[in-house]
Amino acid sequence: MNLQQREVGGAAALLVIVAFFFYLTSQIDLAFSSDLEKLTGPRAYPRIILGVMTIVGLLLLFQGWVTPKDKLEKTNWSDQRAVGFALALIILFVSLFEPLGYLLTVPPLVFAAAFLNRAQNLKAALLVAIFASLTLLIIFRYGLNTVLPEGVLAIDQVF
Amino acid sequence: MSDFFQTLASFPSLLSGVQLMFLVIGIGAGVVIGALPGVGPLLGVVMAIPFTFYMDPVSSMALLMGIYQGGSYGGALSATVIGIPGTPMAAATLLDAHPMALRGRASYAVTLATLASCIGGVISGLVLIAVAPALAAFAIKFGPAEAAAFALLGLTTIGALSGGSALKGWMMGLLGLLIAAIGLDPVSGESRFTFGSLYLDSGVALVPLLVGLFSISEILRQIEKPIRVHDTSSNVSASADAFRTLIQRPFNYLRSSALGVFIGILPGIGGVTAAFLSYRAAMVFKKPSDPDFGDGNTDGVIASEAANSAVAGGALIPMLALAIPGDPIVAVLMGGLMVQAIQPGPGMFLNHPEVIDGIFAVFILGAILLLPIGLLFVRLIIRLLRLPQWSIMCVVLMVSVVGTYSVSREILDIWTLIAFGVVGYLLRKADYPLAPIVVGFVLGPIFEKNFRRTGLISQGDFVGFIADRPITLAVLALILVFLLVPLFRYLPSQIDRKSP
């Protein structure tokens, strides 16, 4: 991908999002709005913003069009895979956070994140995962009086 | 003027022990966060926001502003010792402080930077106390048309002056306005863009938006491009020589601080420009006997550090008095006040004077405390620079996710966090600035409320209504200027490109 493609692609993607939101505005109910309110009301206000966004988006598209086709840094697919893996990991974490609880999900998340961030010393990564998770738990539980999900473990019995 | 001295005299009674403790924690954490390349004060303030839900407003501001002040200064430490500015603001400091360190004068350079940060902060705090109440007293007379125009001005300037493409800045500001429009309509209660979700009826929550955009996207970016860790020497301590510059070069401290405050007041410019402008001003007044700029010049370090620290006080003036955030960190601070159910702006001076006084006290004391904290813990902070980057990112990830969840114990907040993390990551890759989204998001409700009130009062005749309001007209003219500034920058560059 070159610079021009990135700029044009970015502007086009934003314009698609704007068009989608514009379509959504047609579904906003105006039953409770007065005639005067309809000028700047629940449907008109977002449409004004989307109208200005369309103008700016078109200008960005033009700006992208005249941008030189300079080469961008080549995409490293192994790095992209790492980013995708990190996202999948976070999604898995969120899905399990409440059912399994803090103690069973956060340390593995931190350990895996260390691995993805190229931690070379896995023992150190394990220690950071355990100690940082416990420290944060203590801060929330005793410092901020906030109970984090206990899941299958009852934290009250641990502390 | 008597109010000014009364406020100063009442400082000792304004802060409780707990509030002072949060200020010290904030400064300490801020200095460390600012010193670590790839983290910075913005991310630090964003990560601390979830913790402030459990605090009173002044304690919350003490923690956040401590991180802001400490973080603005912390960048100078890594700039001096390892030659990498922890924050972009410290890039000008690096030019002279790092050569000093290379010649074995790291202690002198660090003490100089700490002293300049402290003085810049105190001066900007004094200006804040003197100017913000007067500006708020003037702004309280504004009607909805003026308030809407000022909100629009904030949005326009941050786009025009945020560096890079102004169009991209404006697009992101508008995106922030659009995200703020999600939820129930504030007047009629009709659902907008909620997809039938009850969770979205109350709008997009500020914390997942902030943390996702800045923290999660940064983690993803660093997985892609890790930052290298440097070996550092921690042999740094306070230097008495640096304190002598207070007598030898007082005008540089004053001039640089004044410049920093002025630039801070102008929305969207920020500490980087302030530091470099001040640096250039110092070059004009160079003494023949001094080393060259870029080769360990004392005035270079003073100028850049005093200016970038003074920006903070300046940026708080429009935020507190007009609800216009002067820079991205101040936009997040504004969000920090809003989560405490406090609306910044002139009304805050009437409705929450105790919080205003607390903020003033926190700011001045924070600037003063920077000196002992910065100098006493400098060795420890420099040792922390040796921490491997992965460990820092792991802590950032953990605090971000768990902190966001803890605010309302709502798992959908973490899904929102991930969604904005991905959006932020993609926008960074396409070189779109993220800060204007936050500015648009926090200004969105203010703008919408006042824009729609203007529509109702004027019976839909905006032009006729605004024509009788000189302040609104003046602000709209200023907006037009800010819209044209990038065009004047863009056209000559295109002509230059085409000329042989």
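Me: Which residues have the most contacts inside the largest nonpolar core?

Reply: A nonpolar core is a set of buried Ala, Val, Leu, Ile, Met, Phe, Trp, Tyr and Cys residues joined through C-beta atoms within 7 Å; buried means that 20 or more other C-beta atoms, placed from the backbone, lie within 10 Å of the residue's own. Here the largest such core has 213 residues, and those with the most contacts inside it are Val110(A), Val45(B), Leu210(B), Leu333(B) and Val362(B). Helix 7 (residues 106-139) of chain B gives the largest share, 19 residues; helices are DSSP runs of H or I, at least four residues, numbered from the N terminus.

This is a predicted model, in which local features need pLDDT of at least 70, side-chain atom pairs count only at pLDDT 80 or more, and totals for chains, interfaces and linings use all residues. Residues are numbered from 1 along each chain as its sequence is written, while chains are lettered from A and ligands numbered from 1 in the order in which they are written.

Me: How many residues of chain B are in contact with chain A?

Reply: Two residues are in contact if their C-beta atoms, placed from the backbone, lie within 7 Å. By that criterion, 49 residues of chain B meet 51 residues of chain A. On the chain B side, helix 20 of chain B supplies the largest share, 11 residues.

Me: What confidence does chain B average?

Reply: pLDDT is the predictor's confidence in each residue, from 0 to 100. Chain B averages 84, and 91% of the residues score at least 70. The model scores ipTM 0.89 and pTM 0.83.

Conventions. Helix = DSSP H or I, 4+ residues; strand = E, 2+ residues; numbered from the N terminus. Buried ≥ 20, exposed ≤ 12 C-beta atoms within 10 Å, placed from the backbone.
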